[in-house]
Amino acid sequence: MAHQRDTEAPLLAKPDASSPASVKRNKYPFFCAVLASMTSILTGYNVAVMSGAQIFMAEDLGVSDAQIEVLSGVINLYSLAGALLAGWTSDRLGRRLTIVLANVFFLAGPLCMALAGGYNALMVGRFIAGIAVGYDFVIAPIYAAEISPASSRGLLTSVPEIFNNTGVMLSYVSNLAFSGLPAHLSWRVMFAAGAVPPVLLAAGTMTMPESPRWLAMKGRVDEAKAVLHKTSDTAAEAERRLLEIEDVVNAGGEGKGNRGGGGAWREAAAKPGVRRVLAMVLTLQFFQQASGIDSVVLYGPRILAAAGVTTNASLLSLNVIFGVAKAGSILIAMALVDRAGRRPLLLVSTGGMAASLVLVGTLFAVASSSAGGGAAVVSAASVAAVVAYVVFFSMGLGPMAWVYSSEILPLRLRGQGAGLGTAMNRTMCAVVIMTFISLYKAVTMAGAFYIYAAIAAAAFVFVYTCLPETRGRSLEDMEELFHTK
């Protein structure tokens, strides 16, 4: 009967993506996913607050361009430790306590930055915040995916990304709001503002249920069943989800006796399907960052200055527009992900990014030879083209990299595999941030954006040739689709 249930699962799962309107959607998993994902606001805030703070840090502490590059990007290298630890922690302590731990680090990191008296202390603060960032990038999409029914999993797994971008936008607002303070105080207040929410978020997280898949993996089936009944649209769906989870747990030997990860990775080395999934996750995460989005997130004011914007107030105000575009356009992805599917959004996104980046590069090349009124027109067009690039990124590749990765990893590798994917993502983010100033000085601003355009075009080819659609399938059905059982 187990084999019959496996073969029928895709047929049962697919209608969830477009169920009749008469089926009342359960709002509880949405509440849980939103609360768990709110920690991602702190990730976006802590990463992007350097965008405006660097102007005043340079004035107050005399940090150089090279040190600014390091301070801006090193948080992503430090996040590798958090990402790898998060996989281990989430598999042993649970998804919920891992989110609480992330908030503890998010409290300590910004406080250390705000009180820093020099470059070395700033590096310590970035290290602590980096650990928190790594934890959040792994655990938020995992929890959202595991708590959600298939009918709304795409939407709910996108929530961490919209909160991440909300945090980016709020950091830009903070940059602008506190820019009028004395230089020695303004950047410290910008960082200190990020230390307030973690206490409330940690307390709120403790009101959420644990992931039913983690509970089943630990042999706590009755607790998993209770959570599934609270988070499913119908009782029949809850029972079906439990049967599917038990099939996967039993097939992988993931009960109480399997608390280590060594056996799972030995299996990954032996199974082509598992290797394929890991390669897809790592490649998707590589392209998400290598296409240059964080050059805009962290160096928006420098890009705007190169486009012809002059005053600090104008630079920081236009930077807020970048943040609004980045956060707002994710709503497009959230509205369409469970209707149009993951693959169409990724194709439109990567194609639009490549075209926008080519336009940005061309406009910067033209700007270098323009003067007078022509320069003003080119400047305005350059800003609009950068906004278009940000919108295309956020409506597809930005959130879908996390949605797709959290879906296709098998249960027994989800924590560790998400940790590896996050490590790739953060490594490439650090490379982009820590090389951008040197890159545009070496090949011009136009040349830098042409390079990012080529990478975005390669991402389009990868999506088109390698990624199948996953809309409407249960997480357990993914193991059949990708042959990872």
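Reply: Happy to! One thing before we start: this is a predicted model.

Me: Good to know. How many salt bridges does the structure hold?

Reply: There are ten salt bridges in the structure. One of them joins the side chains of R188 and D60, at 4.0 Å from N to O.

Me: Where do R188 and D60 lie?

Reply: R188 sits in helix 9 (residues 183–192) and D60 in helix 4 (residues 50–61), so this pair ties together parts that are 128 residues apart in sequence. D60 itself is partly exposed, with a relative accessible area of 27%.

Me: And what does D65 form a salt bridge with?

Reply: The partner of D65 is R302, and their closest N and O atoms are 2.8 Å apart. D65 belongs to helix 5 (residues 65–92) and R302 to helix 16 (residues 293–306), so the parts they tie together are 237 residues apart in sequence.

Me: Is D65 buried, partly exposed or exposed? And what about R302?

Reply: D65 counts as partly exposed, at 33% relative accessibility. R302 is partly exposed too, with a relative accessible area of 22%. The cut-off for buried is under 20%.

Me: Which residues are linked with D65 in a network of salt bridges?

Reply: R302 and K441 are the ones linked with D65 in that network.

Me: Nice. What about R220, which residue does its side chain meet in a salt bridge?

Reply: That would be E223, with 2.9 Å from N to O. R220 has a relative accessible area of 33%, which makes it partly exposed, and E223 is partly exposed at 37%.

Me: Let's switch to helix packing. At what angle do helix 5 and helix 7 pack?

Reply: The angle is about 40°, and the axes of helix 5 and helix 7 (residues 119–147) are 5 Å apart.

Me: Why give both an angle and a distance?

Reply: Because two packed helices are described by the angle between their axes and the distance between the axes. Here, helix 5 and helix 7 are therefore oblique to each other.

Me: Is the crossing left-handed or right-handed? And what is in the contact, by class?

Reply: Helix 5 passes helix 7 in a right-handed crossing. The contact of helix 5 with helix 7 has 19 nonpolar residues, nine polar and one charged.

Me: On to helix 17. What span should its 17 residues have?

Reply: At 1.5 Å a residue, helix 17 (residues 312–328) should span 24 Å, and its end C-alpha atoms are 24 Å apart, which agrees.

Me: Which residues in helix 17 are buried?

Reply: Among them are L315, L316, N319, V320 and F322. Further along helix 17, the buried residues include G323, A325, K326 and A327.

Me: And A385, where does that one lie?

Reply: A385 is in helix 20 (residues 373–394). A385 is buried, with a relative accessible area of 4%.

Me: How far apart are A385 and V360 in space?

Reply: Their C-alpha atoms are 5.6 Å apart, while in sequence A385 and V360 are 25 residues apart.

Me: Last one: what is the phi of T444?

Reply: T444 has a positive phi of about 75°, although T444 is not a glycine. You'll find T444 in helix 22 (residues 414–466), where T444 is partly exposed with a relative accessible area of 46%.

Me: Great, thanks for walking me through it!

Conventions:
Residues are numbered from 1 along each chain as its sequence is written. This is a predicted model: local features need pLDDT of at least 70, side-chain atom pairs count only at pLDDT 80 or more; totals for chains, interfaces and linings use all residues. Side-chain values use heavy atoms; hydrogens and water are left out. Helices (H or I, at least four residues) and strands (E, at least two) are DSSP runs, numbered from the N terminus. Buried means under 20% relative accessible area, exposed over 50%, partly exposed in between (1.4 Å probe, protein chains only). Axes are lines fitted to C-alpha atoms, for helices over the stretch in contact, and angles run from 0 to 180 degrees between N-to-C directions. Angles under 35 degrees count as roughly parallel, over 145 as roughly antiparallel, 65 to 115 as roughly perpendicular and the rest as oblique. A crossing is left-handed if the near helix is turned anticlockwise from the far one by less than a right angle, and right-handed if clockwise. Ala, Val, Leu, Ile, Met, Phe, Trp, Tyr, Cys and Pro count as nonpolar, Asp, Glu, Lys and Arg as charged, and the others, Gly among them, as polar. The expected span of a helix is 1.5 Å times one less than its number of residues.
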